[in-house]
Amino acid sequence: MRQKYVVGNWKLNGSLPGNEALLQAVLAGVSPKPGCHLAVCVPAPYLAQVRGLLEGTPVAWGGQDVSRFEKGAYTGDVSGAMLREFGATYSIVGHSERRTVFGDTDAVVAEKYAAARKAGLVPIFCVGESLAEREQGVTETVLARQLDAVLEKSGPAALDGGIVAYEPVWAIGTGRTATAAQAQQAHAYLRGRVATKDAAVAARLPILYGGSVKGANAAELFAMPDVDGGLIGGASLVAEDFLAIWRAAVAAA
Ligand code: PGA
């Protein structure tokens with residue numbers, strides 16, 4: 001059986017005292033659970049602080065994006081090696097906000113995925129359709145295009161050790177969660193598409209759901225056979241909400 005993951009995505013939120021209070025409250029409610037992974041993806045300037053607070057605890061940490069370059073004249077970028085130097089296990093890659101606000105194309109996302117793997121990070125590779133795309137009935141076409149960019153650049157073996165996150169753009173930060181059935185359908189589609197290239201990799205691949213996950217809907221989502229946990233935005237900023245989602249993952253494991 002696949003393992004469960006609950007990963008917080010703090011986005012552009014945080015402060016030194018606020019991060020400490022949040023993580024202390026999370027740590028107070030977490031005990032290690034075999035087969036379940038808990039992590040937070042934080043703004044890069046807080047990596048040192050977060051490492052100091054989380055090292056030796058059951059909570060791992062990661063970045064929210066990674067440069068497609070290793071080093072050089074790329075002002076503003078943060079490399080995978082830099083994230084690793086601060087103990088990051090994960091990096092989000094291809095979040096819809098990077099795609100829509102910062103212009104990351106499928107090709108750029110594929111390069112970032114490869115860079116994250118090369119640096120020894122576990123990429124959390126986000127895919128998902130917009131509301132207009134869902135209403136036009138092209139959800140699967142969009143998911144295929146986004147997934148294939150990585151499959152074609154890095155090959156199916158590169159998904160082994162990575163994580164996919166299905167995040168319908170219309171559900172992110174909107175309070176409008178995909179139904180468990182909608183999530184399951186998209187996850188099964190993604191797994192099936194990977195399986196056409198490598199069935200064993202597809203069977204092992206963790207696929208997380210993201211988009212307005214809360215304590216109240218997590219259990220239903222995580223009960224779906226192809227939903228292996230969640231990528232959590234807003235609710236990861238409130239310890240009690242984040243812990244409720246963690247407990248749902250532990251119960252589903
Ligand atoms: P949300 O964000 O939980 O606030 O909808 C999820 C995400 O963007 O990863």
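User: I've got this predicted model open, and I'm starting with a cysteine. Is C126 buried or exposed?

Analyst: Buried means under 20% relative accessible area. C126 has a relative accessible area of 2%, so C126 counts as buried.

User: How do I read the cysteines, then? How many disulfides does the structure hold?

Analyst: For a disulfide, you look for two cysteine sulfur atoms within 2.5 Å. This structure holds 0 disulfides. Take C41: its nearest cysteine sulfur is that of C126, 9.1 Å away, and C41 is in no disulfide. C126 is in no disulfide either; its nearest cysteine sulfur belongs to C41, 9.1 Å away.

User: And what is the relative accessible area of C41?

Analyst: That one is 0%, so C41 is buried.

User: Now a residue with some neighbours. Where does N9 lie, and what does N9 touch?

Analyst: N9 lies in strand β1, residues 4-9. At 5% relative accessibility, N9 is buried. Leaving out residues up to four places away in sequence, N9 touches C41, Q64, I92, H95, L231, I232, G233 and S236. There's also a polar pair: a polar atom of the N9 side chain sits 3.1 Å from the backbone nitrogen of K11.

User: How should I read the ligand site? Which residues are the closest to the ligand?

Analyst: Start with the shell, then go through the polar pairs. 13 residues surround the ligand, and the closest are K11, H95, E167, G173 and S212. By type, the shell splits into 4 nonpolar, 7 polar and 2 charged residues.

User: Which polar atoms of the protein lie by oxygen atoms of the ligand?

Analyst: Among them is our friend N9, with a polar side-chain atom 3.4 Å from a ligand oxygen. The backbone takes part too: a polar backbone atom of G173 is 2.6 Å from a ligand oxygen, and one of G234 is 2.8 Å from a ligand oxygen. As for cover, the ligand on its own has 290 Å² of accessible area, and the protein covers 96% of that.

Notes:
Residues are numbered from 1 along each chain as its sequence is written. This is a predicted model: local features need pLDDT of at least 70, side-chain atom pairs count only at pLDDT 80 or more; totals for chains, interfaces and linings use all residues. Side-chain values use heavy atoms; hydrogens and water are left out. A residue is near a molecule or strand if one of its heavy atoms lies within 4 Å of it. A polar contact is a pair of N or O atoms within 3.5 Å; within protein, one must be able to donate a hydrogen and the other to accept it, and residues adjacent in sequence count only if both atoms are side-chain atoms. Accessible areas come from the Shrake-Rupley method with a 1.4 Å probe; for residues, only the protein chains shown count as cover. Ala, Val, Leu, Ile, Met, Phe, Trp, Tyr, Cys and Pro count as nonpolar, Asp, Glu, Lys and Arg as charged, and the others, Gly among them, as polar. Buried means under 20% relative accessible area, exposed over 50%, partly exposed in between (1.4 Å probe, protein chains only). Helices (H or I, at least four residues) and strands (E, at least two) are DSSP runs, numbered from the N terminus. Contact means heavy atoms within 4.5 Å.
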